[in-house]
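Good morning, colleagues. Please have the sequence and the coordinates open while I speak.

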Amino acid sequence: MALKLYNTAGAKLEPFVPLRDGHVGLYCCGPTVYNYAHIGNLRTYVFEDVLRRVLERNGYAVTHVMNVTDVGHLTDDSDEGEDKMLIGARERGMSVWEIAEFFTRAFFDDTEKLNVVSPTVVCRATEHIPDMIGLISRLEKRGLTYQAEGNVYFSIDAFPRYGELARLDRQELRAGARIEVDSAKRNPHDFVLWFTRGKFEHQAMQWDSPWGRGYPGWHLECSAMSMKYLGERFDIHCGGVDHVNVHHTNEIAQSEGATGKTWVNYWLHGEFLIMPSGRMGKSEGNMITLSTIEEEGYDPLDYRYFLFGAHYRTQLAFSVQALDAARSARASLIDQLRGLAARSADGARVELGHDARLALDAINDAFNDDLNAPKALGLLRAFLKDDAVPPGERLAVAFDADRVFGLEMATSVARHEELAPEYQAMIAEREAARKARDFARADLLRDRLRDAGILIEDTPTGTKWKFV
RNA sequence: GGCGCCGUACCCAAGUGGCUAAGGGAGAGGUCUGCAAAACCUCCAUUCACCGGUUCGAAUCCGGUCGGCGCCUCCA
């Protein structure tokens with residue numbers, strides 16, 4: 001089955017056809033680095049990782065670009081807020097530049113732990129200010145901007161197709177429903193391209209521009225940088241669903257406003273991870289980071305496995321119970337694969353028989369059907385139980401599918417952990433006790449090993465152990 | 001108020017017109033075991049929030065009701 005993707009623009013499933021044969025230009029909205037990413041944010045990056053892996057599995061050479069928003073941004077668009085970076089810096093006693101560097105590193109630590117493949121290009125907003133200024137100038141030449149009270153605004157009334165992506169009805173938009181409208185705006189939904197207003201003298205990062213010293217509006221960086229690295233037209237742009245209405249809508253306006261061309265062909269949006277209390281966020285007070293999860297004894301890959309429980313376009317309910325289920329499921333999968341490896345003389349077989357081939361095709365079809373990872377995982381697990389297929393072939397199918405799942409299956413199966421000599425001695429002593437039918441002694445040793453995190457299994461082929 | 005998504009077993013969920021409604025977790029029974037654990041085997045929704053309609057046929061399409069969530073403000 002050829003790759004099909006759900007395009008937010010048009011709101012339907014479409015066959016994927018790249019602009020250039022064999023190549024894909026992919027832009028993913030990256031992190032704002034004034035705080036740790038939480039596991040809800042990370043869900044989106046795992047979804048994008050699956051997208052990239054599926055594209056590559058289909059033979060495309062992918063140029064994957066991601067921005068890092070290290071420019072301070074207001075806490076809200078009504079211009080009343082304080083710069084987020086500044087707040088972060090003050091709270092932590094660091095310069096805004098140090099803050100940005102610190103959380104950028106933290107972000108990539110997290111994605112690496114989740115086995116997310118690094119983007120081809122990672123670009124920082126602060127290193128592309130001239131590109132953004134250039135874009136504003138182009139918009140200015142085309143008459144799509146105006147200046148008011150020191151700021152440069154994009155005029156959405158000068159861009160007739162405004163809001164098509166989100167199917168916004170301009171008449172029905174309710175500006176100011178939740179915030180106060182900036183009185184300098186001609187249309188309440190106009191947005192700032194460049195800030196200079198003295199009111200923001202506390203803004204720590206500022207640059208010179210034709211409109212005065214200041215800083216760029218938030219949406220600008222994605223337009224400027226994506227076009228710089230991928231061209232004025234490219235294939236796929238993705239991010240979280242929350243970006244559809246404002247961020248991506250505004251990006252399209254300023255990008256297509258500047259070039260006069262269709263900017264992006266496919267828009268993909270990942271749904272939210274939902275807490276019992278609703279959306280996860282710092283202000284909601286329900287933020288969980290990857291570190292939190294690790295401290296609770298979960299492996300980051302347990303979380304990755306958990307994410308494959310649901311399709312990327314459906315909200316996923318997070319709970320400890322659900323994460324526990326994922327951890328157990330991943331452990332049992334690895335055990336299952338180890339069992340298959342033990343029963344296969346030559347490990348993962350390269351040549352697949354008819355049934356294995358069929359199963360792998362079905363799994364690939366699931367991936368190609370708008371990245372249906374949960375279906376693919378279900379198919380894989382059903383297939384692994386099929387004793388009619390030689391163990392080596394089952395293993396091979398799993399490892400092949402893992403090129404997309406990214407669960408380190410082969411590594412986990414091959415891992416031979418070393419046991420400290422004192423524990424080896426305890427196991428030997430327990431064996432001796434069992435032979436002597438001193439079961440009280442044997443059970444005591446088993447309990448002690450258990451307390452040390454070592455699980456004892458007496459199997460027909462001898463005593464085995466593993467870390468819990 | 002507008003736009004959008006969702007409601008499938010104890011839990012997380014796949015399925016979007018037609019074979020027995022995936023898969024995982026939990027649970028139950030069994031094999032094995034000194035006992036366990038692990039592993040393996042078996043069982044676990046005549047039914048898809050509710051009501052009405054379309055159809056030979058619907059969890060799947062249409063209308064309505066109830067419930068949940070998201071976006072419309074920076075936000076994955």
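Predicted model: local features only at pLDDT ≥ 70, side-chain atom pairs only at ≥ 80, totals over all residues.

Chain A has 468 residues, of which 42% count as buried. Its C-alpha atoms fill a box of roughly 90 × 55 × 35 Å along the principal axes. In secondary structure, chain A contains 15 helices and 16 strands. If we take the contacts in chain A between residues at least 6 apart in sequence, 73% of them join residues at least 24 apart.

I turn to the domains. The domain assignment divides chain A into domain 1 (19-270), domain 2 (320-412) and domain 3 (421-467). Taken over C-alpha atoms, the centres of domain 1 and domain 2 are separated by 38 Å. How many residues does each of these two domains bring to the contact? Domain 1 supplies seven residues and domain 2 supplies eight residues. On the side of domain 1 that touches domain 2, three residues are nonpolar, one is polar and three are charged.

Next, the interior. As a general point, nonpolar side chains in soluble globular proteins tend to be buried together. Here the largest nonpolar core has 118 residues, and those touching the most other members are Leu-193, Ile-363, Ala-376, Leu-380 and Val-397. Helix α1 (residues 39-57) gives the largest share of this core, with nine residues. For Leu-380, neighbours within four places in sequence being left aside, the contacts are Ile-363, Ala-398 and Ala-401.

Is helix α8, residues 300-307, mostly covered or mostly open? Helix α8 is mostly covered, with eight of its eight residues buried. Among them are the charged residues Asp-302 and Arg-304, and Tyr-303, Tyr-305 and Phe-306 are also on the list. The elements that cover these buried residues include α1, α3 (96-113), α7 (290-295) and α9.

Now to the sheets. In general, strands of a sheet pair through backbone hydrogen bonds, either parallel or antiparallel. One open sheet has four strands in the order β6-β7-β8-β9, and its pairing is antiparallel. Its edge strands, β6 (145-148) and β9 (215-216), each pair on one side only. Four bridges join β6 to strand β7 (residues 151-154) in the antiparallel sense, and Ala-148 stands opposite Asn-151 in β7.

A second open sheet has three strands in the order β13-β12-β14, with mixed pairing. Why is one side of β13 (278-279) and of β14 (316-317) left without a neighbour in the sheet? Both stand at the edges, and each has a single partner strand, so one side of each has no neighbour there. Strand β12 (residues 273-275) pairs with β14 in the parallel sense over two bridges, with Leu-273 opposite Leu-316 in β14.

Finally, the RNA. RNA strand B is surrounded by 71 residues, the closest being Gly-40, Gly-240, Gly-278, Ala-329 and Gly-378. By type, this surface divides into 26 nonpolar, 26 polar and 19 charged residues. Which helix gives the most to the surface near RNA strand B? That is helix α9 (residues 320-343), with ten residues.

Methods. Residues numbered from 1 in each chain as written. Chains lettered and ligands numbered in written order. Pairing = 2+ DSSP bridges. Near = placed C-beta within 6 Å. Core = buried A, V, L, I, M, F, W, Y, C linked by C-beta atoms within 7 Å. Buried ≥ 20, exposed ≤ 12 C-beta atoms within 10 Å, placed from the backbone. Domains from an automatic or database assignment.
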